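Here is a short walk through one protein model. Look at the structure first, then follow the text from one position to the next.

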Amino acid sequence: PVGLGGSTIEDSGVGDGDATSAQKGRNAVAESKAGGGSQEAEKAKSIVMKALGGSKTLDLDNQNLTTLPQAVLRELLVRDPSSDDTSKKYAHRIKTFSLSKNLLRNIDEQWINEALPNLDTLNASYNKLETLPNALRNAPLSTLLLHQNSLTASSIGTSTFCCGGGEGDNFMLANRLTHLDLSFNAIEYIPEGLFHLSALSTLVLSHNRITILATKSSSLGEEENGGSGGWKPGLPSLTHLDLSSNKITDLGDFPIVLGGCSTQIQRLKLNNNEIKSIPNSLGLLSSLNHIDLRGNPQRGIRAAILDGNCDSMLSYLRNRMDGDTIQRLKDQQCEMGNLAAKNAVGKERLENEKRPSSFKSSPSSGGRNKAEMSKQASSNLTSPLAETLRKEIDDLTIQVNNVYLSEAKKYAMKKKLAMQKAKLIKEERRIRTENA
């Protein structure tokens, strides 16, 4: 027999009774560890079972976590016996994941990628997050709450969570996310990837370190990464924008870009910044029903006007411009909208080219559908004019369905589309006659 120190019992002078006691002690330690693991597993199971109840919310709030618990992750990946699909896990039923008020610096990719594939809401507020998982780009989230963390513009910009990190990439988050809260972080400028979130309606960037919104101005941080820190064309679905309590000094052409691209904007908060001059072009944001410009060092507009209702303030700003200036600024807004639409068209075409041909059209049960067969037949009637017309028709078809365009612009494009289709039909008849 061997003693606790590694020597034999005889050499150490330990009797049989003491040896038995030592062995019992070792067994007790092993049982304690096993019991701890068992308790951890039981607690994880309890958390997951509770999450599978009515709200489908996995609640890990206020646990002082520095890393997400592996025991809960393992439980989430257990097969769901309530489903006939053997590949379904408990994780597939979770819709909301709340992990606020912890000490997390990052979120493991596996939690988003594998453990929680059907998330609608992620609340990671009140942590110490410094990075975001790239797996977020393919998450079907509608709400993402990241306020009160340590995120910077650079950490958001270098991740691929909102745009995939490459031109033409088109990920689920960009088309699903409607509410994003990045308030109370350390963001110095607006990362370009945010402007690719086409479904986003609410963007909260208050209590950060943003200084400039002018599109043509570049902040040092993003300029080094090949970008510009100002407000860019994009965000066609935006209705609520909160930029309050930053360090913004210059709005520049922000009202022109916002008005041209985010035509549904309703609420705009720019209060408690360092804006020295309020541009009259803000008066052209006619869709607004709330605007807050208070708490800025500007001296051009009286406090009584800033405290008044939105319509009165917008009217005051418009009345400070003559008709020619208003028209010129409206034309610039339209140009910004057209630029955003053009970029969206280019992106959609690139995505379509990337897709396998089998995904570009939906074949009917009897083979290709009539539209596809008609297109194939038309493609046999070629001429330089016919090819040009087909390309124009494809471009116009995409643009007509683009959310950036006003109804008047869409109507004009529909008329042009009908005209180009008529020209193509005429050209195809001419080719058939020549080939007969």
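This model is predicted. Begin at Q420, which belongs to helix α14, the helix made of residues 407–435. Is Q420 buried or exposed? The relative accessible area of Q420 is 6%, and buried means under 20%, so Q420 counts as buried.

Which residues does Q420 touch, once its neighbours within four places in sequence are set aside? The contacts of Q420 are then L389, E392, I393 and L396. Take L389 from that list. In sequence, Q420 and L389 are 31 residues apart. In space, their C-alpha atoms are 6.3 Å apart.

Now turn to the loops. N62 sits in the loop that runs between strand β1 (57–59) and helix α3 (70–76). The backbone angle phi of N62 is near 55 degrees, which is a positive value in a residue other than glycine. The relative accessibility of N62 is 56%. Exposed means over 50%, so N62 counts as exposed.

Another loop lies between β8 (267–269) and β9 (290–292), and N272 is found there. Phi of N272 is near 60 degrees, again a positive value in a residue other than glycine. How exposed is N272? Its relative accessible area is 41%.

Notes. Residues numbered from 1 in each chain as written. Predicted model: local features only at pLDDT ≥ 70, side-chain atom pairs only at ≥ 80, totals over all residues. Heavy atoms only, no water. Helix = DSSP H or I, 4+ residues; strand = E, 2+ residues; numbered from the N terminus. Buried < 20%, exposed > 50% of the residue type's maximum accessible area, 1.4 Å probe, protein only. Contact = heavy atoms within 4.5 Å.
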